[in-house]
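Okay, everyone, thanks for coming. Let's take a few minutes to walk through this one together, so please have a look at the picture.

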Amino acid sequence: MAVLAAWLCRVPAVRAATITVLCSNGLRAVLSDAVPEFERATGHHVTVQYSVSPELGKRVLAGEPFDVVIVTPALMKTLAEGGAVVSDRQTAVARSGMG
């Protein structure tokens with residue numbers, strides 16, 4: 001299963017910002033380690049809200065504000081088709097095999 005992130009805004013390097021991330025539960029362990037390092041390195045504050053991808057998709061389509069969404073490729077395609085994310089701003093951040 002691949003996971004994609006849509007980076008929807010650029011955070012200015014000159015001032016600290018709060019970055020809101022909606023993330024599938026599958027990357028909780030990774031972000032738990034990475035976010036504090038990112039915050040120390042940049043001075044930005046990151047707020048991560050975890051859930052299952054379908055629930056995150058509903059929230060995005062309902063207009064919930066966010067800066068980054070990390071969900072499955074199929075859901076990312078649906079979000080892009082619905083105009084909720086910009087399709088050319090997607091980046092694969094993880095891939096895992098089953099079995």
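Of the 99 residues in this chain, 33% count as buried, where buried means under 20% relative accessible area, exposed means over 50%, and partly exposed is in between, with a 1.4 Å probe and protein chains only. A word on the source: this is a predicted model, local features need pLDDT of at least 70, side-chain atom pairs count only at pLDDT 80 or more, and totals for chains, interfaces and linings use all residues. Residues are numbered from 1 along each chain as its sequence is written, and side-chain values use heavy atoms, with hydrogens and water left out.

Now the layout. We have 3 helices and 5 strands; these are DSSP runs numbered from the N terminus, helices being H or I with at least four residues and strands being E with at least two. Starting at the N terminus, the order is β-β-α-β-α-β-α-β. Take the contacts with a separation of 6 or more, a contact being heavy atoms within 4.5 Å: residues 24 or more positions apart account for 71% of them.

Let's zoom in on helix H3, which covers residues 73-81. Which residues of H3 are buried? They are Leu75, Met76 and Leu79. Looking down the axis of H3, these buried residues fall within an arc of 100°, so they line one face of the helix; the arc is that of the directions from the helix axis to the C-beta atoms. Over on the other side of H3, Ala74, Lys77 and Glu81 are exposed. Threonine 78, also in H3, is partly exposed at a relative accessible area of 40%. Just after H3, glycine 83 takes a positive phi of about 80°.

What does that buried face belong to? Leu75, Met76 and Leu79 are part of the largest nonpolar core, which has 10 residues, and the others are Leu22, Leu56, Val60, Phe66, Val69, Val71 and Val85. By nonpolar core I mean a set of buried Ala, Val, Leu, Ile, Met, Phe, Trp, Tyr and Cys residues joined through side-chain atoms within 4.5 Å. Helix H2 (53-61), strand S4 (68-71) and H3 each supply at least two residues of this core, and H3 gives the most, with 3 residues. There's also a second, separate core of 9 residues, including Ile19, Cys23, Leu27 and Leu31. As background, nonpolar side chains tend to be buried together in soluble globular proteins.

On to the charges. How many salt bridges are there? The count comes to 2, taking a salt bridge as a side-chain nitrogen of Lys or Arg within 4 Å of a carboxyl oxygen of Asp or Glu.

Glutamate 64 is partly exposed, at 24% relative accessibility, while arginine 59 counts as buried because its relative accessibility is 18%. Arginine 59 sits in helix H2, and leaving aside neighbours within four places in sequence, it is in contact with Leu22, Gln49, Ser51 and Glu64.
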